[in-house]
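Hello,

Here is the structure for you to look over. My notes on its pockets follow below it.

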Amino acid sequence: MTSVTATKRSGPDGPHGGRNGPGGHDGQGGRPRRSWRPGRSGGPEQKAFGDRAAWFLVLPALIPILILSVGPLLYGIALAFTDAQSGRTRSTQWIGTLNFQDLLHDTLFWDSFRIGLVWAVGVTVPQFLLALGLALLLNQNLRLRWLARALAIIPWAMPEVVVGIMWRLVYNPDAGILNETIRDLGLGDGRDWLTGLATALPAVILVGIWAGMPQTTVALLAGLQNSPRELHEAAALDGAGAWRRFRTVTWPAIRPIALAISALNLIWNFNSFALVYVLTSGGPGGRTRLPMLFAYEEAFRYGQFGYAAAMGCVMVAVISVLLALYLVGRLRGGEDR
């Protein structure tokens, strides 16, 4: 009887070795039971406190975004369904999708949309190729490389308005440096680059490439510097040429950065306003009227705020689709790797 009683007291439910004892086990494999205590790391109270602290840290950056970005965006979307026009005495009425129906038949808007796509692609693709070549050059161990890197980012440090004014002087038909150079070389008398129907858009695209190339160069150069140098040396020892080393070693290392900066450049260029406005104001004959310029004219020149807001909604939708395609491509690329 004594042995049986001792066995029961020391069994799974006993005061010392059982589930309810001070050194309690869970009864499954003798593993000690973990109980939560106030203040213990990972407890629900501490986790809730950590979540609240995280929100307090995010709020200073979140509030300006809500006020300056999300709020105006929602207001613009609501404005697109009204007939809002300039003038204090004019009442605003809800008209539903009438503005969007008018947009479907507005050939001027779709012409500006086509020009915007030509501008965005025409700037983004050469900009990336030239920036990639410049980044590869600046990544080499050259003399005065630090000076070349500093000079390469000067256009990035200049405001778009200043860039536009400077290039207007370059393109000036009478005293511009471009026409003066053409005359000195005996290639002709020059031309008015920004007012010619055939030359206005290419001239503006050239300025866009020059102005946006530094940021692409900096991003690609950062990716090149993070590329493992040992792989380049090993490929060179194996007899791989420069093109093969770039294709098999360099490009895989910078591919995520290249895709990201190209997608951002495409969106930024499609939304361009200040540079083209200073250079041509959308002329001549609407040849450089980008969608943002068209919406600006409708709102602030003709006072059609509701119609301009509808244009803005269409552009936001297009940009959202481009961004979604980029994110889907990035996710699929991550799954493949």
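Which helix gives the largest share of the lining of the second largest pocket? H11 does, with 4 residues. This is a predicted model: local features need pLDDT of at least 70, side-chain atom pairs count only at pLDDT 80 or more, and totals for chains, interfaces and linings use all residues. Residues are numbered from 1 along each chain as its sequence is written, and side-chain values use heavy atoms, with hydrogens and water left out.

- Two or more lining residues come from each of H5 (145-152), H9 (200-225), H10 (229-237) and H11 (242-270). Helices are DSSP runs of H or I, at least four residues, numbered from the N terminus.
- The lining splits into 4 nonpolar, 7 polar and 5 charged residues. Nonpolar means Ala, Val, Leu, Ile, Met, Phe, Trp, Tyr, Cys and Pro; charged means Asp, Glu, Lys and Arg; the others, Gly among them, are polar.

Largest pocket:
- Its volume is about 500 Å³.
- Of its 19 lining residues, Met292, Ala295, Ala308, Ala309 and Gly312 are closest to the centre.
- H2 (44-79), H13 (291-301) and H14 (305-336) each give two or more residues to this lining. H14 has the largest share, 8 residues.
- The lining has 16 nonpolar and 3 polar residues, with no charged ones.

Best wishes

Methods:
On a 1 Å grid over the protein atoms alone, a cavity is a set of points where a 1.4 Å probe fits but cannot get out, and a pocket is an open set with protein on both sides within 12 Å along at least five of seven lines; lining residues have an atom within 4 Å of a point. Grid points are joined across faces, edges and corners, and a volume is the space filled by probe spheres set on the points.
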